[in-house]
Structures are given as structure tokens and as C-alpha cells.
Amino acid sequence: MPKEKPGIPKGTRDFNPLEIARREMIFSQIRRVFELHGFRPIETPAMENLSTLMGKYGEEGDRLIFRILNSGDFPARVSDEEWQSRDAARLSARICDKALRYDLTVPFARFVVQHQHQISFPFRRYQIQPVWRADRPQKGRYREFVQCDADVIGSDSLVNEAGFMQIIDEVFSSLGLNVEIRINNRKILAGLADYIGHPDRMEIITTAIDKIEKIGMDEVCNELLEQGLNHDAIEKLKPVLLLPGTNASKLEALSGLLQGNQAGMQGIAEIREVLDIVAVTPTDCELTFDLTLARGLNYYTGAIIEVRALDVPMGSICGGGRYDNLTGIFGLEGVSGIGISFGADRIYDVMISLGLFPDAPGIYSQLLAVNFGPRERDYCLPLLSQLRAGGVRCEMYPGFAKVKKQLQYADKNGIPFVLMAGEEEMKSQLYSLKNMQSGEQKTLPASGVIEELAREGG
RNA sequence: GUGGCUGUAGCUCAGUAGGUUAGAGCAUCAGAUUGUGGUUCUGAGGGUCGUGGGUUCGAGUCCCAUUAGCCACCCCA
């Protein structure tokens with residue numbers, strides 16, 4: 001029998017203790033800031049009904065949803081004709097009722113509608129859980145990754161938008177990352193589409209101009225041409241997208257152009273108000289109004305936000321926006337919400353490449369008791385209990401290995417103190433305590449050991 | 001879904017114009033007089049060279065297929 005090679009699905013990862021410690025550092029900062037802003041945690045299941053997810057992320061999104069094959073005799077429910085059709089989308093809908101969650105926003109919308117009678121609005125929740133996408137993995141792209149979402153639902157006040165700017169600023173400051181927050185507004189993009197005479201082509205226009213930075217203006221124009229926009233429209237659009245200057249001057253110029261366009265002017269007014277509110281509080285991050293920011297997720301209706309690391313090329317590490325009617329699809333109309341999502345895994349990757357993690361943030365025992373034999377072991381165990389009662393992490397080496405081996409174990413696991421007690425120590429009711437960093441060794445009574453560990457900041 | 005690159009020990013890689021028993025470093029384990037680690041020294045285990053076919057007297061090396069991983073596009077955290 002050939003042995004099975006160990007492995008995990010591509011795009012997924014194992015995390016060792018050091019990586020966990022570092023990831024936990026990111027999660028705890030994000031959690032701390034969310035809670036400081038009054039958000040409260042919820043959790044939802046890893047899997048949702050497939051129907052809950054389908055159609056919420058656009059055509060591309062549907063394809064990237066991980067489906068879960070039904071249990072039992074699922075083929076019996078499928079006709080021969082359906083099998084023969086070989087239509088993946090149709091078939092999967094017949095043999096899969098469930099799917100892994102693709103993001104946290106749609107499950108949250110479902111949660112809100114389902115529990116609307118227990119929720120008082122506006123509702124501020126946060127959620128830190130993994131999501132899954134059947135994407136082809138590459139740098140900064142995983143098939144399983146953790147999103148850290150915060151949303152306010154049931155309030156259309158722009159204070160929320162400003163609040164999220166604040167949160168983003170605080171999270172990245174606390175992690176020591178330099179970032180640029182970019183903000184735009186879907187209403188401005190709608191106004192722009194209208195302005196160039198293609199009000200119905202907003203989706204195409206936005207996804208095209210989103211690529212300006214990547215492929216350049218010329219390529220974007222080519223793409224728009226291919227999509228059926230005429231020359232005049234594109235020529236009209238060009239100078240707008242290249243508007244130079246500060247946030248204020250860009251907004252000024254834009255409001256001149258979009259005069260009389262209701263959606264556009266409203267978008268401009270919204271951005272201005274958000275910027276004004278943000279200006280009241282001090283922020284570290286760059287906050288730029290960027291007309292070319294056009295996030296694809298099709299449920300955004302107002303503000304759209306994206307954050308990028310300044311010192312490392314990486315996709316967006318945080319994104320979000322306002323959605324006016326996400327709960328509508330589940331039957332709760334007229335509830336506006338806004339939320340953001342931190343991509344913990346990308347933040348981790350950025351911090352690794354910048355070397356921002358402290359050297360040894362791991363959690364390990366502070367003391368190892370060397371195990372000389374049954375009597376010596378039983379002599380030490382009560383002291384270990386006492387130490388733990390005082391909050392000192394400690395452990396007894398299992399089994400009676402050579403002392404050399406036991407010390408090696410302490411060394412490799414970064415355990416700073418080793419407790420040794422054999423014949424001699426037991427006779428005089430003492431313990432030998434070795435400091436692994438200095439090599440220094442003291443012989444002390446139990447109380448002395450406890451004091452020493454307390455002094456070392458256990 | 002489309003394209004490019006790669007696949008030799010647990011890990012990182014060497015491997016020369018195809019030629020004998022495929023190497024190194026790290027890691028692991030064991031020893032250097034039996035209660036003292038991190039340094040050093042010695043030794044050991046571990047590979048059907050991703051898989052399948054082909055060319056050849058002979059293939060880790062050349063050709064084809066297949067598979068896995070990485071990178072880019074698409075889209076996104």
C-alpha cells in the first residue's frame with residue numbers, strides 16, 4: 001500500500017504557533033478598535049444555503065462560490081436529461097443546496113432580516129471569520145482567508161462613513177502600517193456615466209476606469225471603445241478622470257461639470273460632508289478622493305472605500321462601502337447600511353514583507369521542570385501548580401529523558417527558566433532554578449522560585 | 001476560465017556537452033565517561049529524481065503527455 005502524501009488543498013494554509021501569534025496580534029487590534037467604536041460581535045455558519053449566496057456577487061462571483069455536494073442519494077433527484085445537459089451551473093443547483101460563505105456581508109444581511117425583531121436599529125456588528133473563494137490562488141490571494149468586517153445597518157447618516165475612516169486610520173496606525181485610504185461615491189460615477197451620455201453603461205465604465213492605474217488611460221479607452229462607447233463620450237470622460245489637485249479642488253471642478261445632474265451632485269455633497277466630518281478629528285492616514293476608484297461589488301450604492309499599503313505592492317487590504325438595499329433581497333426593504341472589511345491575511349503578508357512583527361511574540365512556557373524520575377517529578381508538581389495559580393505558564397517534561405535532551409527541549413521552545421530538583425535539592429527542600437539566557441543557576445526554596453518568576457514579569 | 005514558469009532528501013537547492021553506487025547545507029536522530037542547553041566534533045537514517053510514455057547501448061539531464069505548485073490576466077481581501 002502506497003502511503004498517502006500529506007497535503008492540503010491549494011490556496012489553504014496551516015498556521016504554526018508563531019504565525020498564529022502574529023495573526024492573533026492583527027485580529028486583536030482590529031477587534032479592539034471595532035469595540036472602541038461600539039461594535040459587537042456576531043458569528044454565522046461557515047455554510048449558507050446556496051440560494052442565499054447566488055446572484056449577490058455578480059456572474060463572476062457566482063462562479064467563485066464553493067459548493068457543497070448534497071449527502072445521500074442526490075443523483076436520484078436529477079433526471080437523465082439534466083445530466084446529459086452537462087451544464088455546470090444548472091447541475092450544481094440541483095445537487096448542491098449549501099455553499100461555503102463567500103464574504104461576511106451577505107450572510108450578515110441574511111442575519112439582520114432573519115433576526116430583525118431582536119435587533120434595534122441602527123445595529124453595529126463586527127464579525128471576524130474565514131470566507132472561501134474558488135479562485136485560482138496567487139500572491140495575496142487565498143482560497144480560504146479571514147475577513148474582519150464591521151457594519152452599521154439601519155442608518156444613512158454620513159457620520160458612519162466618517163466613523164469608518166476613523167476606524168481604518170486607528171487600525172493601521174496601531175499596526176504600524178502606512179496606508180492610503182481612497183474614497184469615492186457610486187453616485188458620482190452614475191452622474192459621470194450620465195454626463196458622457198451613457199447612463200445605462202455605468203457598470204462597464206466603472207470596471208474599466210478602475211484599471212487606469214494598472215493598464216493606463218489609453219488601454220482603458222480601448223476597452224471602453226470595445227464595449228461600445230463612442231469616441232466623443234470617451235474624450236469627454238478623459239479629462240475628468242485625470243483631474244489634478246487636492247480633494248477640494250477636484251470636487252470643485254467636478255461640481256462645475258456635473259451641474260444639474262442630481263445623482264452626481266448628491267454624491268459630491270456626500271463626499272464633502274464625509275471629508276468635513278473626518279477633518280474634525282485627527283487622522284494619520286492619507287485620505288484621498290479618487291474618481292477612478294470603482295469597486296466592482298454590485299450592491300454598493302453610495303460611498304466606496306478602499307485601502308492600500310503604501311510601502312508594499314499588494315491588492316487592497318481593506319475595502320467597503322454603502323449599500324442601500326442589501327436586505328431588500330431577503331424581504332426587508334428600505335434599510336441602508338455601510339460596512340468595511342479588513343483582509344487579515346493580506347495585512348499579515350504586508351507586515352511580514354516589511355518586517356513589522358516583533359521578534360518573538362509567541363506564547364510559550366516560562367518554566368520547564370526537568371523530570372528526573374517519579375519521586376523528583378512528584379516533588380516538583382505541587383510547585384508548578386502554585387506557579388500557575390500565580391499566572392506563570394509552566395510545564396513538566398514528560399518522561400525521564402536525559403537532562404541534556406530536556407534542556408534542549410527548553411532551549412528550542414524558548415523557555416527561559418528550567419527547574420531542577422534531584423536528591424540533593426529534595427533533601428534540603430530546595431529547587432535549582434536555571435536562567436537559560438544568562439546560564440546562571442540559583443538554589444532556592446519554593447517561595448524563592450515563585451518570587452524570581454514574578455520578578456521576571458511572568 | 002486564459003496564458004507563462006517550475007517540480008531532485010522533511011526544507012532550500014547543486015547536479016557540468018545525456019555515461020558507473022545522485023550530492024551539499026539546514027533539519028532530524030545517535031554518540032563525544034552516566035544532573036546541565038544554545039557553540040563545536042563524529043556518525044546515522046532518509047530520494048523508484050512529480051507521474052506515465054518515447055528517443056538512446058545508456059535519461060535526473062533530450063522529446064511528448066499528464067499532474068501539482070508558483071506567477072500574471074480576470075476579479076477581489
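Colleague: With which side chain does the side chain of Gln 127 make a polar contact?

Modeller: This is a predicted model, and in the model the side chain of Gln 127 makes a polar contact with the side chain of Thr 44, at 2.9 Å. Gln 127 lies in strand β5.

Colleague: Is Gln 127 buried or exposed?

Modeller: Gln 127 has a relative accessible area of 0%, so the residue is buried. The cut-off for that word is under 20%.

Colleague: Let us go on to aromatic rings. How is a pair of aromatic rings described?

Modeller: A pair is described by two things, the distance of the centres and the angle of the planes. The structure holds 12 aromatic pairs. Take the rings of Phe 39 and Phe 164: their centres are 5.7 Å apart and their planes stand at 40 degrees, so this pair is tilted.

Colleague: Where in the chain do Phe 39 and Phe 164 lie?

Modeller: Phe 39 is in the loop between α1 (17-36) and β1 (40-41), while Phe 164 is in helix α7, residues 159-175. The two are 125 residues apart, and the pair links distant parts of the chain. Phe 39 is buried, with a relative accessible area of 4%, and Phe 164 is buried as well, with 1%.

Colleague: What are the distance and angle for the rings of Phe 108 and Phe 123?

Modeller: The centres of the Phe 108 and Phe 123 rings are 6.0 Å apart and the planes are at 35 degrees, so that pair is tilted. Phe 108 belongs to helix α6 (residues 105-114) and Phe 123 to strand β5 (residues 123-132), so the pair ties together parts 15 residues apart in sequence. Both Phe 108 and Phe 123 are buried.

Colleague: Which residues form one aromatic cluster?

Modeller: One cluster is made of Phe 34, Phe 39, Tyr 126, Phe 164, Phe 172 and Phe 342.

Colleague: Now the RNA. Which residues come nearest to RNA strand B?

Modeller: There are 43 residues around RNA strand B, and those that come nearest are Arg 133, Arg 141, Arg 295, Ser 316 and Met 436.

Colleague: Which element gives the most to the surface near RNA strand B?

Modeller: That is α16, with 7 residues. Elements giving two or more residues are α3 (58-63), β6 (144-153), β10 (318-323), α16 (403-412) and α17 (423-427). By kind, the residues of this surface are 10 nonpolar, 12 polar and 21 charged.

Colleague: How many cavities of 30 Å³ or more does the structure hold?

Modeller: The structure holds 1 such cavity. About 30 Å³ of space lies in the largest cavity. Its lining includes Leu 158, Glu 161, Ile 183 and Ala 303. The elements that give two or more residues to this lining are β7 (179-185) and α13 (262-279). The lining residues divide into 5 nonpolar, 2 polar and 2 charged.

Methods:
Residues are numbered from 1 along each chain as its sequence is written. Chains are lettered from A and ligands numbered from 1 in the order in which they are written. This is a predicted model: local features need pLDDT of at least 70, side-chain atom pairs count only at pLDDT 80 or more; totals for chains, interfaces and linings use all residues. Side-chain values use heavy atoms; hydrogens and water are left out. A residue is near a molecule or strand if one of its heavy atoms lies within 4 Å of it. Helices (H or I, at least four residues) and strands (E, at least two) are DSSP runs, numbered from the N terminus. Ala, Val, Leu, Ile, Met, Phe, Trp, Tyr, Cys and Pro count as nonpolar, Asp, Glu, Lys and Arg as charged, and the others, Gly among them, as polar. On a 1 Å grid over the protein atoms alone, a cavity is a set of points where a 1.4 Å probe fits but cannot get out, and a pocket is an open set with protein on both sides within 12 Å along at least five of seven lines; lining residues have an atom within 4 Å of a point. Grid points are joined across faces, edges and corners, and a volume is the space filled by probe spheres set on the points. Rings of Phe, Tyr and Trp (its six-membered ring) pair if their centres lie within 6.5 Å; planes under 30 degrees apart count as stacked, over 60 as edge-to-face and the rest as tilted. Buried means under 20% relative accessible area, exposed over 50%, partly exposed in between (1.4 Å probe, protein chains only). A polar contact is a pair of N or O atoms within 3.5 Å; within protein, one must be able to donate a hydrogen and the other to accept it, and residues adjacent in sequence count only if both atoms are side-chain atoms.
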